[in-house]
Structures are given as C-alpha cells and as structure tokens.
Amino acid sequence: MTNGAQAAGAPWLRQAQPERAGGHHDPDSVRPGPERVGGHQDPASVRPGPEREGGRQDPGSVRPGPEREGGHQDPDPVRPELVEGQNGAQAALRPAQLGFLGVGWIGRHRMQALLQDGAAQALLLCDSDPASLNAAAALAPAARTLPGALDLPAGLPLDGLVIATPSALHAAQARAALEAGLAVFCQKPLARTAAETRAVIEAAQRADRRLGVDLCYRHTAAARAVAAQVRSGELGEVYAIDLVFHNAYGPDKAWFRDPALAGGGCLIDLGTHLVDLALWVMDFPVADEASARLYAQGRRLGPAPDEVEDHALAQFTLAPGTSVRLACSWNLSAGRDAVIEAHFHGTRGSARMTNVDGSFYDFVAERCHGTRAERLAGPPDDWGGRAAVQWARAVATGGRFDAEAWQALRVAELLDQLYGRA
C-alpha cells in the first residue's frame, strides 16, 4: 500500500505558520520546540517527563494491547507485518512510510515505538534543534533530515506525517499535510480551538486520509479496565466523575505561557486528557452546563485574559445527568511529581484509575466496593506508543478517513465552553 505523496517540493511545511491574535505570524513560534504529553517537558530539562519517573526514560512503550474493552472493538486489529490476500493467504505488508515533524523527546519516543513495532519506516526527520535531529537520526539513520521548516523534498513516497511541534503549529501543519495527500498523527491538542479542530478534521475527510490524535491516556490498561466496568453496567448508573491532573512541574518554553499561541494553559494542556477520558469512557454523550474557574499564581482570571492559567477548577454535565468535576494544574505543591486520577461513581459501586507514587507512567485501576478495593489492572504496561501504532497500522492498510477523528472535536468544543469562548 502507498498513498505515496510523491511531492514535487510541495510547500506544505513553509505555509504552516502559526497566527497570533490579529492574524500576525509569530516568527519565534515555528520551532518544533518542547515535545510533551500532558504538559511534560522535553527531557533536556531536569523535570521528569510523561513516560518516565524520576528522570528514568520509558524503555519503549511499544507493545500495543487491545485498544478497546467493554464491547468496543479495535478498528485496526491487523498487524502491519501480515495482511490477508485475495486468495486467502497471508502476505507481507510494507510498513507505513512516514515523516516526523518535530523530533524532541516525545516525537522520538513515538517514532521509536513505531519502528520497534514494525508499523512504520522513517523516511524524513525535521526539527530546528540540531541535538534533537541528531538523536532522531541515530534511531533512523536511513531517514533524510531537514533542519527546520522547509519544503517537503521531491520524490519521497510518504504515506503519513507524525506531528510533535508546538500547539500553535498543529492545525496549519496538519491541514497542509492532509491536503498534500498524507495521513496525519498529531500530538494533542490537535488545535487551539474547536474551529481550528473542525477545519483539520474536515480537511482529513475531504482528503480521505486517516487522522489520529495522541490522546494516549485512553490507551492505558487502567483506562480500558475502568471503561469496561462502566460500559458493562457493573457500576450501575454512573452519576458522578472526578478527574484530577496536577503536575508538580510546569512548562519552561515561552509559548506555553502565551494564550495566543497555546490556546490556554494547564486546562488545554492537561485537561485535554481528562476531558477525553470522561467522554471516551462514557461513549461521548452530550455535554452541557460547563463552567470553570481559572487561576494564575493564585489570582482568579477574568474573561479573555492576556495570560494563561496554571490552575483550573471545572465542572460540566454529561447526558442524561452525570456530574463531572475536574481539577488540573502546573507547578502545584503536590508532594510528588504528579497526581493523576479518574474516579467513576455509580449506583452499584465505583471504579478508579490512579497513578502510582506520583508516576507519570504507572497506573492502577480498581473496582471499589464500600471500603474494599479490587485491583483490575496495573503496571507494567507499555502504553505510550499505542495510539501511534494503531494509527500507523491503519495507514499501512489503506489509511482512509475514520469518523473516530470527530471525537477530537467533541473534546475541543467542551474545552471552548470551559474557557468561555463557545
């Protein structure tokens, strides 16, 4: 299979410049910069990142398990190594041929997961940071390297592009790649607002190309175990959900602190994962009655602030009447690296997903009965690359548009409501 975007120097990278408020391009924001999940920084910083604890890098996160439980089938169960031929025999399938735009820590981690799984081959690496580019080239020495936002080289038979650049660049870069005929896998958030998100998904639908977003926490074994409890009816009617993501560290790049570039602060950074978990576990019901209180260094922020929040307290309702409370923050004195929790309370019991000893990586799932807790899932669980691997397998088998991409819009719309811009 190949979509084979044999681009004749298509300027899809050059045109993908972020716009600040008022439509002015910010020349300093085009650097691929800090690659992170859930607001965790590039490991060149001394802060622990998302897939590691206490400076320990995740060894791989490359063994994907089933992506759905509770009756939800993995839409792309075929491994890239084998495909069923017309005569019923299994034949080798060429891995997806990919470019990687932004190869800081999280970009390299996803690339390594894809390469080790066999789901993809790296043909192109692009990053303005020489150290990041060299580190990525060591993982994929046959790939062509580009030291910045340049035109796509002619003749590269790319099937897709993995984007791990600053948030302000995501929407424009994703649209440009899709319009060039490439499938796209993008770090979250897919865009800064629901309007930008819709435009990207519509571009994917028009191009009939697979669009994936790295909403990776739903791919943990703990999240899947909790979802199975909810969807099977074991908990009865779920009437309340409590969501928490406190990060004792905070971003160290200036663009994170600029609302025009980041789209918000800790709520869009960390809260995106929490909102997605609630909607995904509950099968994306209608959400309303959304409101939030946003704080910066302890000060309550008003409407349309010129600074981003570092602490958010939010609430919303999921049809037919589930109340959801959300709290997230950067730089909180949490007494540990991170507090990450999702509690689902039902009429016949509760289920919860919690991180272990402040880890950004290790999670347990438990079914709670009164004062007792029964473990459903726990570490080890190499979940970090599962979303990327699932997407790449789909690309290797055709890479056509999947309506699941619209789930990213539901998350973005709810975030817009919480920010008061809906």
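**Walking through the model**

Analyst: Trp 105 lies in helix α1 (residues 105-117); helices here are DSSP runs of H or I with at least four residues, strands are E runs of at least two, and both are numbered from the N terminus. This is a predicted model, where local features need pLDDT of at least 70, side-chain atom pairs count only at pLDDT 80 or more, and totals for chains, interfaces and linings use all residues. Residues are numbered from 1 along each chain as its sequence is written, and side-chain values use heavy atoms, with hydrogens and water left out.

User: Is Trp 105 buried or exposed?

Analyst: Trp 105 counts as buried because its relative accessibility is 2%. The cut-offs are under 20% relative accessible area for buried, over 50% for exposed and partly exposed in between, with a 1.4 Å probe and protein chains only. The C-alpha atoms of Trp 105 and Ala 135 are separated by 9.2 Å, with the two residues 30 apart along the chain.

User: Switching to the sheet: what's the strand order?

Analyst: It's an open sheet of nine strands with mixed pairing, running β13-β12-β14-β15-β11-β16-β17-β18-β19. At the edges are β13 (299-300) and β19 (372-377), each pairing on one side only. Two strands pair if DSSP finds at least two bridges between them.

User: How many bridges does β14 make with β15?

Analyst: Eight, in the antiparallel sense, between β14 and strand β15 (residues 322-330). β14 and β15 form a hairpin with three residues between them, and Ala 312 has Cys 328 in β15 as its bridge partner.

User: And what about β12 and β14?

Analyst: Strand β12 (residues 287-296) pairs with strand β14 (residues 311-318) over seven bridges, antiparallel again. Tyr 295 stands opposite His 311 in β14, and the bridge partner of Ser 291 in β14 is Gln 315.

User: OK, helices. Why is α8 described as largely enclosed?

Analyst: Eleven of the eleven residues of helix α8 (residues 271-281) are buried, so the rest of the structure largely encloses it. Among them are His 273, Asp 276 and Trp 280. Just after α8, Asp 283 takes a positive phi of about 65°.

User: How does α5 sit against α8?

Analyst: The axes of helix α5 (residues 221-232) and α8 come within 9 Å and cross at roughly 40°. Axes are lines fitted to C-alpha atoms, for helices over the stretch in contact, and angles run from 0 to 180 degrees between N-to-C directions.

User: Which residues meet there?

Analyst: Ala 223, Arg 224, Ala 227, Val 230 and Arg 231 in α5 meet Leu 277, Trp 280 and Val 281 in α8, where contact means heavy atoms within 4.5 Å. By class that's six nonpolar, no polar and two charged residues. Ala, Val, Leu, Ile, Met, Phe, Trp, Tyr, Cys and Pro count as nonpolar, Asp, Glu, Lys and Arg as charged, and the others, Gly among them, as polar.

User: Last topic: how many cavities of 30 Å³ or more are there?

Analyst: The structure holds four of 30 Å³ or more. A cavity is a set of points on a 1 Å grid over the protein atoms alone where a 1.4 Å probe fits but cannot get out, and lining residues have an atom within 4 Å of a point. Grid points are joined across faces, edges and corners, and a volume is the space filled by probe spheres set on the points.

User: What lines the second largest cavity?

Analyst: The second largest cavity has 18 lining residues, and Pro 189, Leu 190, Ala 408, Val 411 and Ala 412 lie nearest its centre. α10 gives the most to that lining, with five residues.

Conventions. On a 1 Å grid over the protein atoms alone, a cavity is a set of points where a 1.4 Å probe fits but cannot get out, and a pocket is an open set with protein on both sides within 12 Å along at least five of seven lines; lining residues have an atom within 4 Å of a point.
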